[in-house]
Amino acid sequence: MTATQAPSVVARGKAAVGALGLLALSTGALESVVTPTLPLLQRELDMSPAEGALLSIVLLVTGALVTPLAGRFGDRYGGKRVLVRLMAVVCAGGLVSALAPNLPVLLLGQVLQGAMVGALPLSFVVVRAHLPAGESKVAIGTVGGLFVGGGMVGMLSAGPVAEQLSRHWMFALPTIAVAGATLLVNRLMPDDPPGRPGDAGTDWPGLLLLSGTLVTLMLTLALAPGLASQPLVLCALVVILAAFVTGWVAVERRAAAPMIDLRMLARPAMWKPCVLTFVICAGTSMAVYLVPQLFDETGDGYGFGAGATEIGFYLLPGAVAASLAGPLGGIGDRRFGSRAVVTAGVVLMAASLLTLAAVHTEVWHLVVGKALIALANGLCVTAMMTSTATSVDRGDTGIATGLILVTRVLGYAVGGQLGGALLTAGTPPGSDVAAESAYVTGFVLAGAVTASALLVTRTLRKGVNG
């Protein structure tokens with residue numbers, strides 16, 4: 001590269017990062033539109049609370065499966081090439097969600113949209129390939145921040161768009177923005193050369209069996225309240241789930257390049273943060289589902305009958321708290337150690353959940369409680385990701401963080417579905433209003449599950465997990 005060529009190359013790299021920033025902003029908006037409008041979607045599509053919980057977490061489940069593949073394919077075929085194709089899948093999912101006439105089609109759209117979870121870390125790889133080290137750190141922080149900002153935009157705009165236009169436009173508008181940003185990235189981002197193909201290939205059997213495990217688990221939890229009178233069907237689902245888990249474990253133990261390294265999972269440095277991640281995210285997910293439902297509820301002496309626009313505003317402080325939790329968790333981990341940060345986060349979250357169970361008669365009770373839960377969850381997850389990444393060999397960092405990602409999604413799936421199942425079971429026949437006791441039980445259960453993490457945090461070393 002000559003001296004005269006260098007400025008133009010750097011300028012092109014900055015333009016490409018700007019396009020990536022627009023892409024992160026639009027994907028963040030598309031990802032966040034379901035949460036504040038979930039009660040509205042449940043009414044329009046005649047969903048039970050358990051089905052609504054399924055809709056709220058299916059995108060994350062797809063993301064957990066796509067993310068490790070995205071990184072591997074990016075190394076093999078080139079980051080830009082894989083990123084653009086992933087975003088084409090996301091756009092297809094947004095279109096399906098926008099046109100969906102019923103719940104099954106909307107679920108399909110959300111499954112396709114889940115590819116965006118794998119696209120975000122892949123965009124970081126692309127940034128590093130085209131900018132100097134110092135500038136790439138700033139660019140990565142900017143792109144990540146714009147994704148969070150896009151989530152806030154989506155949370156605030158989804159309600160007004162759904163109420164003034166329709167739920168279809170709620171998905172269509174950010175999808176159009178994603179498509180436009182993807183075209184810009186394709187035009188402005190320089191091609192990066194593909195790496196050498198890996199010798200071991202891709203663990204397709206492990207991926208398929210893990211997919212079957214997650215789908216069966218979600219269906220079992222979603223259908224459990226309605227199958228209480230049909231124990232044989234429920235038992236059949238449990239048997240199928242056990243078969244998937246057994247098959248997946250057998251395949252992963254024999255695979256040359258397993259999707260999830262179970263031998264690594266057996267190490268204390270891995271199983272402890274995985275257990276903590278699961279229980280903390282399960283408690284968080286129950287609150288993430290129950291709080292918007294309680295905002296929307298119109299029970300006698302509880303609930304606030306809030307619309308989608310109001311719910312978006314009520315949830316905004318929680319989104320801001322979650323965005324601040326990442327840097328605060330990193331600072332706390334460096335100064336006090338991961339054990340102190342995780343312990344403080346667990347105590348704060350458990351106390352907030354149990355307080356919500358006892359006090360939820362004013363809007364500000366839920367707003368403050370949700371913000372504290374989001375802050376505590378972010379502190380815990382950031383500290384565990386940081387300590388895990390630094391407690392394993394450098395070559396195992398990707399595998400270790402992948403394990404944390406999968407257990408995080410499992411926690412969200414189980415917690416969200418339990419919250420939906422409790423509300424479904426707590427709704428009297430012929431009514432669409434869940435009993436207040438169902439919300440109280442949900443918050444208490446979430447608090448108890450979260451507090452159980454203290455049994456593990458006390459065994460952690462102050463610095464890194466042991």
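Me: What makes A287 and L353 contacts of F443?
Reply: In this predicted model, F443 touches A287, L290, V291, L294, L353, L354, L356 and A357, leaving out residues up to four places away in sequence. A contact requires heavy atoms within 4.5 Å, and A287 and L353 are among the residues that F443 touches.

Me: What makes F443 stand out in the largest nonpolar core?
Reply: The core has 114 residues, and I280 and F443 touch the most other members. Helix α12 (residues 268-296) gives this core its largest share, 12 residues.

Me: Why is V414 called buried?
Reply: Its relative accessibility is 16%. Buried means under 20%, so V414 counts as buried. V414 is part of helix α16 (residues 397-425).

Me: Which residues does V414 contact, beyond its neighbours within four places in sequence?
Reply: V414 is in contact with L217, L221 and F278. As for I57, 357 residues apart from V414 along the chain, the two C-alpha atoms are separated by 9.4 Å.

Me: Why is L22 called partly exposed?
Reply: The relative accessible area of L22 is 45%. Buried is under 20% and exposed is over 50%; 45% falls in between, so L22 is partly exposed. L22 sits in helix α1.

Note on methods
Residues are numbered from 1 along each chain as its sequence is written. This is a predicted model: local features need pLDDT of at least 70, side-chain atom pairs count only at pLDDT 80 or more; totals for chains, interfaces and linings use all residues. Side-chain values use heavy atoms; hydrogens and water are left out. Helices (H or I, at least four residues) and strands (E, at least two) are DSSP runs, numbered from the N terminus. Buried means under 20% relative accessible area, exposed over 50%, partly exposed in between (1.4 Å probe, protein chains only). A nonpolar core is a set of buried Ala, Val, Leu, Ile, Met, Phe, Trp, Tyr and Cys residues joined through side-chain atoms within 4.5 Å.
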